[in-house]
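Subject: Structure handover

Dear colleague,

Please find the structure below, together with its sequence.

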Amino acid sequence: MAAVLGTDRRRLALVLGLAVGVGVFTATVPLLRDWFDLRVYYGTVDTWVHHGGRIYDYRVPGTTYGFTYPPFAALGMLPMALVGLPTVIVVALLLNLAALASVVAILVGPALRRYGWFGFALTACLLALFEPVRDTFSFGQVNLVLLALVLSDAWLLAGGRGRWAGVGIGLAAAIKLTPALFIVLLLLGRRRRAAGVATGVAALATALAAWAAPGASRFYWTDALWDTARVGRLAYVSNQSLQGVLARLTAPEDPSRALWATASLLVLCVWARRVSRALADEDWTAAFALTGLAACLVSPITWVHHLVWLLPSFAVLLHRRRPRVAAALYAVLCSSVVWLWFDDASGLDGFLGSNTYTWVTLGLLSWLPAGQPRGGRAALIRRARATLAAPRPAAPAIPAAADQSNPSSSGSAAATGRAVASRRAVAPGRAAEPAGVDGPAGVDGAAGPAAGTARVSSSVPTGSTRPAASKPQSSSERASSYTANPPPA
């Protein structure tokens, strides 16, 4: 007991020390975003409800930033109009905490439960240092809520509870467009029902928003969706998508749309190939992780806080016993390294350093373990071949009836009876197998019907008691706006 208490004391001291370090780091090193995006949401809803304004006309005072989500997102945020901004901030914090807890429970919950309170406390401290997570909280963003919605479908599919799968993806796609790629994943995985549910939920939510705000819906789908200038500068260092990489190369000119489309198509081809292997082995965690990576890369703008979609990839690395790789990538994504090139991303060092998070995402898309490991697949194939090649036991010959007139048959029947008795003596633990209909005749010297032994009357049993062979196993949107000129982290 003393040893256990001593261990608990050491663990508690470690967690408290780490919590203090996290608090100091968060208060001094990163940029605190001052709930900027939450103020965008709140100002938009307040202007729409209380001042007769339009959703996409609102701008945060002193900036050019306004609401950039589909109208259904504004419809879902309407309760903000009933309370003040301080209450909204508290509710947003609690909602993000609940979403983060759900994500952790789905991805690594069973593993953490083995370590009790210590595992969860340590995980909380580590996640607080993770830049995309801390930025999501600091901005008051919705990324963790969307991730929790999408992963709830992964949990349902992996657990064989697919009846309601698709609802979370559909809601997430109605709030933002990027999660719509998960509907394609469902189609690739031949989960047509779930894909239909996701599409139906997204369409119904969009139709509801069109009914509630027809003018805003018409403006968004015909104008705002295609105007990337509303979202922010493509070359801004926080944009860690493929288009952000190209924009920093060509700045101050806009990048070629044809080149961006080609690069996105290549990424989607890699994604489809890798995710197909994961789906072949029903590895839904890896399939969802790869889809989150691809969505971040092909989206026109992927701010740093969007990279919470990389969390499932870290869970895959830990499940596949790659802790060193996970630790190295985690350290990079805690470092805020891309902000070193906030003012100038030119030159080779700027190209490599300012796009660090993009290289991490590309690397994970290319090399993240997915599907059954090769060694496991080879073992399963060998096991399947051995099962298929196993010989079936020979059926003993049918003894001749007592009134048969053929004397040679009587002698054959007697010999057969002795052979059966001998076989039973050799394998006493094996159930006797009746003669007959589905066993190969004439094997091991047994004289079956094809060897001249006459069939008995219908009263002789003909079913086989042989057990069945065992089967092998298988296994243009922007989530936020940064301040007009934020200082480098």
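In what follows, Ala, Val, Leu, Ile, Met, Phe, Trp, Tyr, Cys and Pro count as nonpolar, Asp, Glu, Lys and Arg as charged, and the others, Gly among them, as polar. A cavity is a set of points, on a 1 Å grid over the protein atoms alone, where a 1.4 Å probe fits but cannot get out, whereas a pocket is an open set with protein on both sides within 12 Å along at least five of seven lines; lining residues have an atom within 4 Å of a point. Grid points are joined across faces, edges and corners, and a volume is the space filled by probe spheres set on the points.

Please keep in mind that this is a predicted model, in which local features need pLDDT of at least 70 and side-chain atom pairs count only at pLDDT 80 or more, while totals for chains, interfaces and linings use all residues. Residues are numbered from 1 along each chain as its sequence is written, and side-chain values use heavy atoms, with hydrogens and water left out.

The largest cavity, with a volume of about 70 Å³, is lined by Lys176, Thr178, Ala295, Cys296, Ser299, Ile301, Thr302, His306 and Trp309. That lining divides into 4 nonpolar, 4 polar and 1 charged residues.

The largest pocket has a volume of about 920 Å³. It is lined by 26 residues, of which Val108, Leu112, Thr123, Leu126 and Leu318 are the closest to its centre. Two or more lining residues come from each of helix H4 (85–113), H5, helix H15 (311–319) and helix H16 (323–334), where helices are DSSP runs (H or I, at least four residues) and strands are runs of E (at least two), numbered from the N terminus. By type, the pocket lining holds 20 nonpolar, 3 polar and 3 charged residues.

As for the whole protein, there are 20 helices and 0 strands. Of its 489 residues, 45% count as buried, meaning under 20% relative accessible area, with exposed being over 50% and partly exposed in between (1.4 Å probe, protein chains only).

Helix H6 (residues 131–139) is mostly covered, with 9 of its 9 residues buried; charged residues such as Glu131, Arg134 and Asp135 are among them. Just after H6, Gly140 takes a positive phi of about 75°.

Finally, Trp117, which is found in helix H5 (residues 116–129), is partly exposed, with a relative accessible area of 41%.

With best wishes
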